[in-house]
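These are my notebook entries on one structure. I record what I looked up, entry by entry.

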Amino acid sequence: MQILRPALTSFVLLSAITGILYPLAVTGIGQAAFPDQVNGSLIRQSGQIKGSELIGQQFSQPRYFWGRPSATAPFAYNGLASGGSNLGPTNPALKTAVEERIKALHEADPENTAPVPVDLVTASGSGLDPHISPAAAEYQLQRVAKARGLQAKQVRQLVTQYTEAPQFGIFGEERVNVLKLNLALDSLKS
């Protein structure tokens, strides 16, 4: 009994601190200092949630820019199943998947003979990446402009507008958020 009482007291006290007080404090500070990020970096348009700027979405119509393929299961861009495909460069399944993705891109834009940027045919490490490279956006630009009846120059201006600089100016590379770009295209009058 001498050992049991202090052990139970410590257990209850630490459970209250780490299981209740600490999470409440962190959540409160997060809500006060970074409400957008704490709530999922959601993109709202006309009062409706369109998605998160941190998780990619499936776009397959020619009038939209397409993002990186998703490696999540059981459905694409599943935030609960974040992770890469774990397929190495010599794996036949990866080779087949890349070939199918290249074929789909060529079918959507048969006139485009430019090399396909690698980020349009391979998934990111998380399988959820919402960004593509400016080169991947440029590759799709003519298809999107033609499908929407817009001038390529107008679409290119939007791509430039939605191109984000490397994090803090030094980490990573320039990138384009596909959801933000597609929502901006939808708001244009074609």
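**Entry 1: helix 4 against helix 5**

I looked up where helix 4 and helix 5 touch: Ala137, Glu138, Leu141, Gln142 and Ala145 of helix 4 meet Ala152, Val155, Arg156 and Val159 of helix 5. Contact here means heavy atoms within 4.5 Å. Helices (H or I, at least four residues) and strands (E, at least two) are DSSP runs, numbered from the N terminus.

I note that this is a predicted model, in which local features need pLDDT of at least 70 and side-chain atom pairs count only at pLDDT 80 or more, while totals for chains, interfaces and linings use all residues. Residues are numbered from 1 along each chain as its sequence is written, and side-chain values use heavy atoms, with hydrogens and water left out.

I then looked up the geometry of the pair. The axes of helix 4 and helix 5 cross at roughly 140 degrees and come within 9 Å. Axes are lines fitted to C-alpha atoms, for helices over the stretch in contact, and angles run from 0 to 180 degrees between N-to-C directions. Helix 4 and helix 5 are therefore oblique to each other; angles under 35 degrees count as roughly parallel, over 145 as roughly antiparallel, 65 to 115 as roughly perpendicular and the rest as oblique.

**Entry 2: the nonpolar core**

Which residues touch the most other members of the largest nonpolar core? I find Phe65, Ile132, Val155, Val159, Leu181 and Leu185, in a core of 29 residues. Helix 3 (92-108), helix 4 (134-148), helix 5 (152-161) and helix 6 (178-187) each give two or more residues to this core. A nonpolar core is a set of buried Ala, Val, Leu, Ile, Met, Phe, Trp, Tyr and Cys residues joined through side-chain atoms within 4.5 Å. Buried means under 20% relative accessible area, exposed over 50%, partly exposed in between (1.4 Å probe, protein chains only).

Not counting residues up to four places away in sequence, Leu185 touches Phe65, Val144, Arg148, Leu150, Val155 and Leu158.

**Entry 3: Arg143**

I placed Arg143 in helix 4. Is Arg143 buried or exposed? Arg143 is buried, with a relative accessible area of 5%. Leaving aside neighbours within four places in sequence, the contacts of Arg143 include Phe65, Trp66, Leu105 and Ala108. The C-alpha atoms of Arg143 and Ala108 are separated by 7.7 Å, although the two are 35 residues apart along the chain.

**Entry 4: salt bridges**

My search of the whole structure gave eight salt bridges (a side-chain nitrogen of Lys or Arg within 4 Å of a carboxyl oxygen of Asp or Glu). One of them joins Glu107 and Lys103 at 3.9 Å, N to O. Both lie in helix 3, four residues apart, about one turn of the helix, and both Glu107 and Lys103 are exposed.

Glu111 forms a salt bridge with Lys146, with the closest N and O atoms 3.2 Å apart. Glu111 lies in the loop between helix 3 and strand 3 (131-132) and Lys146 in helix 4, so the pair ties together parts that are 35 residues apart in sequence. Glu111 and Lys146 are exposed.

I also noted a network of salt bridges that links Arg63, Arg148 and Asp186.
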